[in-house]
2 protein chains.
Amino acid sequence: MGERQNEMLVVQKYGGSSVATPEKIKNVASRIKNRLEAKETGDGFKMAVVVSAMGKTTDGLIALAKEVSPAPPAREMDMLLATGEQVSAALLAMALGNLGVAAISRNAFQLGIETSGDHSNARIQDIDLSLLHRSFENNSVVVITGFQGVTPEGDLTTLGRGGSDTSAVAVAAKAVSTGMEAVCEIYSDVPGIFTCDPNKVPGARKLDYITYKEMLELASLGAKVLHMRSVELARKYGVTLYCASTFSEERGTYVVKELPEWLESPVVTGVTVARNQMKFVVKRIPGDGDVLAGIFHALALAGVNLDMISTAGDDISFLTFTAMDGHAEAVVKAVSDCMNENGLTGWDVEPGIPVTKVSAVGDGMNAATGVAGRVFSALRSRKIKVLGISTSDINISVLVDDERADETVAALAEEFELTAKNS
Amino acid sequence: MGERQNEMLVVQKYGGSSVATPEKIKNVASRIKNRLEAKETGDGFKMAVVVSAMGKTTDGLIALAKEVSPAPPAREMDMLLATGEQVSAALLAMALGNLGVAAISRNAFQLGIETSGDHSNARIQDIDLSLLHRSFENNSVVVITGFQGVTPEGDLTTLGRGGSDTSAVAVAAKAVSTGMEAVCEIYSDVPGIFTCDPNKVPGARKLDYITYKEMLELASLGAKVLHMRSVELARKYGVTLYCASTFSEERGTYVVKELPEWLESPVVTGVTVARNQMKFVVKRIPGDGDVLAGIFHALALAGVNLDMISTAGDDISFLTFTAMDGHAEAVVKAVSDCMNENGLTGWDVEPGIPVTKVSAVGDGMNAATGVAGRVFSALRSRKIKVLGISTSDINISVLVDDERADETVAALAEEFELTAKNS
């Protein structure tokens, strides 16, 4: 239909707390209007806005469902939950209309947001972009219901936790795949991605830029801001993400493939913390590898996810790993059973001890040398004992006592200059 | 797909008060289960259940809309309101599943309930019955969102007040039009159609049967039970309606084309009351008809709906009519302007006086003689003054003073044996 290939699509996403009340919906409408009026890029600028359900709507609907059935079928649950986004989308379109902005709301049926049939956890398989383009014919803004899709058979689905982020990125990604330029702006009550948790580390800096890869490693820092699936999708299609606050004009954080050239890559971009970990040590395992494989198999069957795995020793091995708190009994039982089934003696498994994992992440680590040394020195100078360590190309993680976790973050933040100088 | 033509489709409809809470939804699910288990007609029995939004949901959504926009566009309003029925349909399907009844909810998209594009007052144009049949493949019950449809362009619409009744009858009518047998059962908090308003007339009898034609004339008696559009649709397609209470096992009322042969047609089936009427008299109008036409035109322009129109006199005419309360000024002004524009003098228009219209309705009136005489005698014996009268083939209406309205109904109920003897 003669669409221009170099048109720009701006996809904005507003989460549940941003549209929790009629007042907040009107605020979002004003922001959208300002954004439209500030556009100086000419006429090749279209705006799609993805919304979540208002505030606690989804929780309320789940509670209703539990009242009529202790185990509601996932298919009906999706039918129920999908209404939440339709309500907020219609209200936002109304609020925009009231400000003189021509807007129309569209649900998953109306945009052909096709997903797999995995109810409550569906994956977007396609979006019929021609339906989106048609929606723009008489409208400046198309308001899209996030979180939901429709199967080829016409059943409604939902995308799981953080699904509205995924909806927004998917729309932008689909546009990119057809040759359009697209950015995706994620608005929430958090103003961006920080170097460390700002609630724990005074002076934690908000980042202007972070790479997809760093973002994925720094999951815990971004968890309140961005759903990880949406970051993966953005990386895959090269969609620039921008995370900022709905409630201020403060500049947010861009999530990009590579930092702008003028920006020197820091060695460490951020520090993240994973609490509630347990560290286990299994001693004196025969070193032929079969028993080790048997232990991993038994632990997988017991539903235990392992992290920070390391081995030591030669003929007789030591195995160290961590798992989320709450699996101590299962781990000891699985390992013991495995040892006994193999008729082994002399082995030992220590019951888990609680630890915290602190990770420093940075694309710049790749090119830097001595990062592990800097980490150890920083901790040793504060007499923090390292109970374990693992590294990848852009990540170095240490295990420390729970009560030393905050100090560990502070030490790494200081060492790698992650806090604002004057705060 | 080899569907049997003589299959029976039972369409049930439950209104907002019947599904107002999770408890009530569970009650409806139990009723549906009982109905399914009581079926003795073999396997040719399918059940579609149309639901309204829960209790005051629609009012709540309208209030939300008003908070974001003083005049929300009808298109977005429909998008918003359509969520109400989707919630109740999903919850009812869950509640049925919990009782072991295989059920699935379907919205307007999923059943191809195609309507005109008149948002907030759309007309159903077609239903894709193959989608309904397919929904029955693994399910005993298909729960359908009432009140809503979808345009050929994919926009959501709503059917206006009482729209869920219309949805239910339309599904049954479509089935009938394809050669299936179908009945439509409308459940609400009212146990059926009564001869008179049971809140006003002690002993008012519930009817076992009433004809479509009588039902349409007795609109005010059925207003809480049945939307008139749905009665028209049922009449057009010959769908038998059954109205009963959701909250009891009491037998309800069948609305049919003709009473069963074994049932003697009563002269009068019911008596209905229209309050808040005003009676106007225009005196000394030239009798050539042009001025009369001018008056009707002027009143139509002023937005006044006329009822009970009668004229008297020959060369110089008297015009009497009623209109809903609240139009007195508009009527006097419209008539006066019309007279003055025609350069007339000597005319007079009396400001309206409040009256109540009481109507007796019955298919049997057609065949009976002396009905008007019986009405007048009954009222005269109670010294009730008749301020106006009009008749049609199945209806006789009288105007009386507001304060005599209840007595008038009682007099007619007695005369035509509309109350139970022993109450």
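I began with the secondary structure: chain A has 13 helices and 18 strands. Helices (H or I, at least four residues) and strands (E, at least two) are DSSP runs, numbered from the N terminus.

I noted the conventions. This is a predicted model, in which local features need pLDDT of at least 70 and side-chain atom pairs count only at pLDDT 80 or more, while totals for chains, interfaces and linings use all residues. Residues are numbered from 1 along each chain as its sequence is written, and chains are lettered from A and ligands numbered from 1 in the order in which they are written.

I looked up the extent next. Along the principal axes, the C-alpha atoms of chain A fill a box of roughly 75 × 55 × 40 Å.

I checked burial. Of the 423 residues in chain A, 47% are buried (20 or more other C-beta atoms within 10 Å of the residue's own, with C-beta atoms placed from the backbone).

I turned to contacts (C-beta atoms, placed from the backbone, within 7 Å). Among those in chain A with a separation of 6 or more, 74% join residues 24 or more positions apart.

I then looked up the domains. Chain A is assigned domain 1 (8-256) and domain 2 (270-415); such bounds come from an automatic or database domain assignment. Over C-alpha atoms, the centres of the two domains of chain A are 37 Å apart. Twelve residues from domain 1 of chain A and 14 residues from domain 2 of chain A take part in their contact.

Helix H7 (212-217) and helix H8 (219-222) of chain A are the elements giving two or more residues to it. H7(A) gives the most, with three residues.

Methods:
Contact = placed C-beta atoms within 7 Å. Buried ≥ 20, exposed ≤ 12 C-beta atoms within 10 Å, placed from the backbone.
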